[in-house]
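Here are my notes on the model, as numbered points. Please keep the structure open while you read.

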Amino acid sequence: MIDRENLRTWFIRGTIFTLGGGFVLFSFLFVYAYFTVHIPDPNAYVNSQATVIEYADGTPIGRIGAEDRVSVPLASVPLNLRHAIMAAEDKNFYNEHAFSPTGIIRALYHNLLGGSLQGGSTITQQYAKTAFLTPQRSIQRKIKEIVIAVKLEQQQSKDQIFENYLNTIYFGRGSYGVQTASDVFFNRHVDQLTISQDAVLASVLNAPGYYDPANGPQYLARLKARWQYVLDGMVKENWITKQQAAKQVFPDIQPRVASGSLAGPKGYVISWVENQLQTLGFTQDQLQQGGLVVKTTLEKQAQEAAVDAVSKRTPVDKQGNLRVALVSIRPGTGEVVAMYGGQDYLKSQLNNATQAIAEAGSSFKPFALIAALQQGISLQSVWDGTSPQVFFDPGSQTPYSVFNYGSEQFPNVSLLNATAHSVNTVFVPLTIKVGPQNVIDVARQAGIPQSVAMVAGPSVALGVASPHVIDLATAYATFAAQGIYAKPYIISEVLGNNQGVLFQSQVQAQKVFDPNVMADLTTALQGVTTKGTAAAALADFPRPSAGKTGTTTDNAAAWFNGYTPQLATTVALFRDDATQTLNGIGGLNAVTGGSFPARIWSLI
Amino acid sequence: MKNALKGQPVLPFPPAANIGGTDPVPMQNAVPTLDPALAQSPTPIPHPAPAKTPAKKK
């Protein structure tokens with residue numbers, strides 16, 4: 001009996017000692033944490049916003065940044081929405097302290113047992129967790145959350161905390177903050193929301209994916225139940241009347257866009273803009289949280305026309321590795337007005353317009369023509385365009401054989417018509433005559449960068465080099481500008497989140513060709529679009545146009561480079577594997593630059 | 001470029017400058033040619049060996 005009595009005494013003492021010791025230890029840890037846990041500047045986080053990318057007219061294109069968020073002042077958030085969120089998350093927010101002891105004890109209990117972390121966090125705690133901590137679930141993080149919540153309540157008013165919370169909390173569908181959520185769910189500004197819509201936003205907060213009706217009927221049912229719970233809560237707190245609640249009808253919710261911000265063709269634009277911003281010296285932090293506004297040179301009408309033209313006029317490809325690229329550049333300034341880098345950036349991150357390369361084919365012939373005109377060779381000069389022919393290459397001291405496409409024969413053809421019909425057996429001797437290095441020099445001056453390797457041989461005008469699509473668009477823009485080369489660019493201005501100008505572009509242009517040479521070049525290239533290799537595709541094009549087709553060996557790549565006085569555009573089709581032909585796609589036995597590329601060019 | 005240029009004026013290109021004149025200038029023999037049969041030979045051509053043939057271009 002004594003032993004049993006002693007045992008009981010020791011058990012009681014041990015329990016008291018353990019609980020007391022635990023309390024002392026917890027208190028010590030809390031005090032220690034209070035003085036050691038650092039709160040990052042809350043304003044810096046709350047004010048951090050995605051970088052917004054805009055068309056030249058100010059219309060948004062997309063965003064750079066981990067979070068899609070637009071901050072609004074508390075005054076812009078309707079009182080009913082504030083009440084709905086409080087009814088859903090923390091009814092006593094304005095009357096309580098930073099944390100709820102009962103909620104914490106429940107959460108700790110479940111966590112110690114290895115169960116899921118329970119709710120019960122106050123709005124202040126939720127804000128502390130969202131803004132400053134990782135999603136990791138641990139006791140350590142919970143203590144930090146409490147400490148930060150306590151500190152926040154000492155530093156900020158309830159309204160400030162609530163405003164920050166409303167601007168940072170996640171509502172699902174990639175939207176952070178009430179304003180972005182209003183856009184995503186209801187396509188309207190937050191101050192235009194109805195009570196019914198307020199209750200929906202307040203409902204999804206609890207577990208966004210769990211309540212998103214886009215996931216299925218059962219999710220919609222859950223959301224409706226939660227929505228009613230929120231309305232009832234608002235009635236209970238006398239924030240709305242029973243009659244008001246009874247009148248509410250569950251609202252229509254926007255369909256979820258099943259894609260990220262980089263999905264589709266615009267992902268290539270956003271990615272390239274981001275790349276260019278980094279080249280200009282902007283840091284990742286600035287891009288992700290700086291709230292920058294990036295004005296681009298892209299014109300909405302042209303960009304939408306480009307995507308539409310590619311969509312409508314690109315043939316179905318059974319192989320599935322067809323790449324289509326398009327770049328439009330304003331002559332004389334280098335502004336990139338439209339760009340199509342691919343169908344979906346989420347599927348392939350290689351930008352067909354600025355990163356992929358393909359053999360240029362006869363897109364390079366104008367460079368030989370310019371070199372010839374510079375040496376006084378007339379468009380009326382008459383050449384032997386029969387096929388095949390073998391020339392002696394003075395550079396390599398070897399014979400060089402050349403064929404025309406389809407072995408077409410052009411005996412005694414003028415240089416004008418040889419350009420229109422892309423006669424290889426004229427442009428090879430022309431290149432030898434003017435000097436292959438001169439042809440390369442012209443290509444460089446027009447805009448083909450040093451990174452594109454070119455060999456000074458008779459084949460240079462036949463386009464065995466592999467440029468980017470933007471390189472050829474730049475070169476043809478030089479032609480359209482009557483010999484003014486302009487470095488291509490897409491960012492015209494960068495504004496900070498205080499609307500201060502952080503960067504402003506300057507046109508980098510220089511005269512590289514004589515206007516008379518350009519006038520004759522354009523005359524020859526007009527022959528391509530009116531009677532030559534692109535005439536069929538451009539028969540109904542209602543403006544004066546000039547251009548050049550390019551089709552490579554075995555039809556592995558097909559180009560059309562063309563311009564009007566106001567705009568130069570290059571379109572190219574090619575495959576991932578440069579050895580595979582395009583022939584057969586869209587039912588065409590021979591896919592040339594005058595087929596799909598020229599048709600796309602015409603429509604854009 | 002119909003849609004990209006929608007609403008913009010139709011502008012003409014500058015007239016030809018006619019560099020080198022408007023009369024035909026024979027250039028058929030501007031550079032020396034070799035026997036075309038060499039291009040059709042399926043077997044390697046004896047010295048000097050031919051350079052790689054760029055086939056169809058348009």
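Which side chains of chain A and chain B meet in a salt bridge? The side chains of A:Asp540 and B:Lys2 do, at 3.2 Å from N to O.

1. **Ground rules.** This is a predicted model, so local features need pLDDT of at least 70 and side-chain atom pairs count only at pLDDT 80 or more, while totals for chains, interfaces and linings use all residues. Residues are numbered from 1 along each chain as its sequence is written, chains are lettered from A and ligands numbered from 1 in the order in which they are written, and side-chain values use heavy atoms, with hydrogens and water left out.

2. **The interface.** Chain A brings 73 residues to the contact and chain B brings 48 residues. Contact here means heavy atoms within 4.5 Å. The two chains bury about 5200 Å² between them, and 63% of that is on carbon and sulfur atoms. Buried area is the accessible area (1.4 Å probe) that two parts lose on being put together, summed over both.

3. Between chain A and chain B the count is one salt bridge. The term means a side-chain nitrogen of Lys or Arg within 4 Å of a carboxyl oxygen of Asp or Glu. Side chains of opposite charge can pair when their charged atoms come close. Polar contacts number 26 residue pairs across this interface, with both residues at pLDDT 80 or more. A polar contact is a pair of N or O atoms within 3.5 Å; within protein, one must be able to donate a hydrogen and the other to accept it, and residues adjacent in sequence count only if both atoms are side-chain atoms.

4. **Where chain A contributes.** Helix α20 (residues 515-530) of chain A gives the most to the side that touches chain B, with seven residues. Helices (H or I, at least four residues) and strands (E, at least two) are DSSP runs, numbered from the N terminus.

5. **A strand pair between chains.** Strand β9 (residues 381-385) of chain A pairs with strand β1 (residues 25-26) of chain B in the parallel sense, over two bridges. Two strands pair if DSSP finds at least two bridges between them. Look for A:Ser381, which stands opposite B:Val25.

6. **A buried threonine.** Where is A:Thr564 in chain A? A:Thr564 lies in the loop between β18 (557-563) and β19 (568-575). With 1% relative accessibility, A:Thr564 counts as buried. Buried means under 20% relative accessible area, exposed over 50%, and partly exposed in between (1.4 Å probe, protein chains only). Leaving out residues up to four places away in sequence, A:Thr564 touches residues of both chains, including A:Phe541, A:Arg543, B:Met1 and B:Phe13.

7. **Salt bridges within chain A.** Over all chains the count comes to 10 salt bridges. One of them joins A:Glu89 and A:Arg226 at 3.6 Å, N to O. A:Glu89 sits in helix α3 (residues 79-89) and A:Arg226 in helix α10 (residues 217-236), 137 residues apart. Both A:Glu89 and A:Arg226 are buried.

8. **A pair within one helix.** A:Lys312 and A:Asp308 meet in a salt bridge at 3.2 Å, N to O. Both lie in helix α14 (residues 300-313) of chain A, four residues apart, about one turn of the helix. A:Lys312 is exposed at 59% relative accessibility, whereas A:Asp308 is partly exposed at 28%.

9. **A link across the sequence.** A:Arg323 and A:Asp576 form a salt bridge at 2.4 Å, N to O. A:Arg323 lies in strand β7 (residues 322-329) and A:Asp576 in the loop between β19 and α21 (596-603), so the pair ties together parts that are 253 residues apart in sequence. A:Arg323 is buried, at 14% relative accessible area.

10. **Backbone points to check.** Most residues other than glycine have a negative phi, and most peptide bonds are trans. A cis peptide bond joins A:Ser387 and A:Pro388, with omega about 0 degrees. A:Pro388 is in the loop between β9 and β10 (389-393) of chain A. A:Asp554 is not a glycine, yet has a positive phi of about 60 degrees. B:Asn18, also not a glycine, has a positive phi of about 55 degrees. B:Asn18 is in the segment before β1 of chain B.
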